[in-house]
Amino acid sequence: MSTETSSNVSTQSPPSTHGAEGTQITLVPIGYVRGGRREVRDGRWDQETARIVLDADLLEPSATHGLVAFSHLEVIFHFHKSTRARSGAAHPRSNPHWPRVGVLADRTQHRLNHLGVSRCELVAVDGLELTVRGLDAVDGTPVLDVKPYFEEYGPRGQVREPAWTRQLMAGYS
């Protein structure tokens, strides 16, 4: 499999040895990010306020009932502006001072499936429109799912991470 692939073109099927492995999956956006940043750039996402406008053709108005009781959300989205994908190792953000790590040890947007997961603050709920703060997705980003954040689903025990991640995140939020 090549290291760089286009997000719109599949040049090779994943290896499959048995069963449903290699099966294609189709995801349909349940909404889109509106407002906030228009261009992709790292850092200071905590200052960004945006709306997630959910699709009324897919979700009933009652889909957001009870959501206002939560302070934070987990949002799964598609990095629709990413034009390449990594399948191996690289320096995070191309910084040679940080170690080369595999794509699965990095939170890069340049992933094979271009999926992003972000935790953000829920500011308001107005029907099928959610106002959020700190969502690291740009205007027009397809939203695949929204879940309330439960503290009990957070990590159990002490969290371990390398020092370079603290340096990377220093100016991020």
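I begin with a definition: buried means under 20% relative accessible area, exposed over 50%, and partly exposed in between, with a 1.4 Å probe and protein chains only. The model is predicted, so local features need pLDDT of at least 70 and side-chain atom pairs count only at pLDDT 80 or more, while totals for chains, interfaces and linings use all residues. Residues are numbered from 1 along each chain as its sequence is written, and side-chain values use heavy atoms, leaving out hydrogens and water.

Let us turn to the rings. Rings of Phe, Tyr and Trp (its six-membered ring) pair if their centres lie within 6.5 Å; planes under 30 degrees apart count as stacked, over 60 as edge-to-face, and the rest as tilted. Four aromatic pairs are present. One of them, Phe70 with Phe150, is stacked, at 5.5 Å centre to centre and 5° between the planes. Phe150 is partly exposed, with a relative accessible area of 33%, and Phe70 is also partly exposed, at 28%.

What is the geometry of the pair Trp98 and Trp164? Their ring centres are 6.3 Å apart and the planes lie at 40°, so this pair is tilted. Trp98 and Trp164 are both buried.

Ring pairs also link Phe70, Phe150 and Tyr153 into a cluster.

Finally, the surface. Leu115 is partly exposed, at 35% relative accessibility.

Thank you for your attention.
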